[in-house]
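Subject: Handover of a structure for your study

Dear colleague,

My notes on it follow directly after.

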Amino acid sequence: MTQSVRKSSPRRDAREAERQELMSSLAHTRALINQAYGGFNTASDGDLIESFVFEINSLQARYNYLLRRVKELEGAT
């Protein structure tokens, strides 16, 4: 029996490493968004509510950026 050995290029390895890092960052950002929503849902002070709104918006913008980067990276393969 012959076994096919698939060689991966350094470029492919670098893209996969970047993809894994982006996926990890996405998961972390998603957890932070959930945490911020939890704080928002329990806050009663107006200033604190406002700070959670800004935090959630900021984290959602970061999440959208990371997601866009993953899609760009996957489109480059």
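Helices here are DSSP runs of H or I with at least four residues, strands are runs of E with at least two, and both are numbered from the N terminus.

Before going further, please note that this is a predicted model, in which local features need pLDDT of at least 70 and side-chain atom pairs count only at pLDDT 80 or more, while totals for chains, interfaces and linings use all residues. Residues are numbered from 1 along each chain as its sequence is written, and side-chain values use heavy atoms, with hydrogens and water left out.

Ser-25 counts as buried because its relative accessibility is 16%; buried means under 20% relative accessible area, exposed means over 50%, and partly exposed lies in between (1.4 Å probe, protein chains only). Setting aside residues up to four places away in sequence, Ser-25 touches Arg-62 and Leu-66, where contact means heavy atoms within 4.5 Å.

Thr-29 also lies in helix α1. With a relative accessible area of 1%, Thr-29 is buried. Its contacts, apart from neighbours within four places in sequence, are Leu-59, Arg-62, Tyr-63 and Leu-66.

How are the two helices arranged? The axes of α1 (residues 10-42) and α2 (residues 46-75) come within 9 Å and cross at roughly 160°. These axes are lines fitted to C-alpha atoms over the stretch in contact, and angles run from 0 to 180 degrees between N-to-C directions. The two helices are therefore roughly antiparallel to each other, a term used for angles over 145 degrees. The contact of α1 with α2 has 18 nonpolar, four polar and eight charged residues. Here Ala, Val, Leu, Ile, Met, Phe, Trp, Tyr, Cys and Pro count as nonpolar, Asp, Glu, Lys and Arg as charged, and the others, Gly among them, as polar.

Arg-15 is found in helix α1 and is partly exposed, with a relative accessible area of 21%. The C-alpha atoms of Arg-15 and Glu-74 are separated by 8.7 Å, although these residues are 59 apart along the chain. Glu-55 is found in helix α2 and, at 36% relative accessibility, counts as partly exposed. Between the C-alpha atoms of Glu-55 and Phe-40, which are 15 residues apart along the chain, the separation is 9.7 Å.

For the protein chain as a whole, there are two helices and zero strands. Of its 77 residues, 18% count as buried. Among contacts between residues at least 6 apart in sequence, 66% join residues at least 24 apart.

Yours sincerely,
A colleague

Technical notes:
Parallel < 35°, antiparallel > 145°, perpendicular 65-115°, else oblique.
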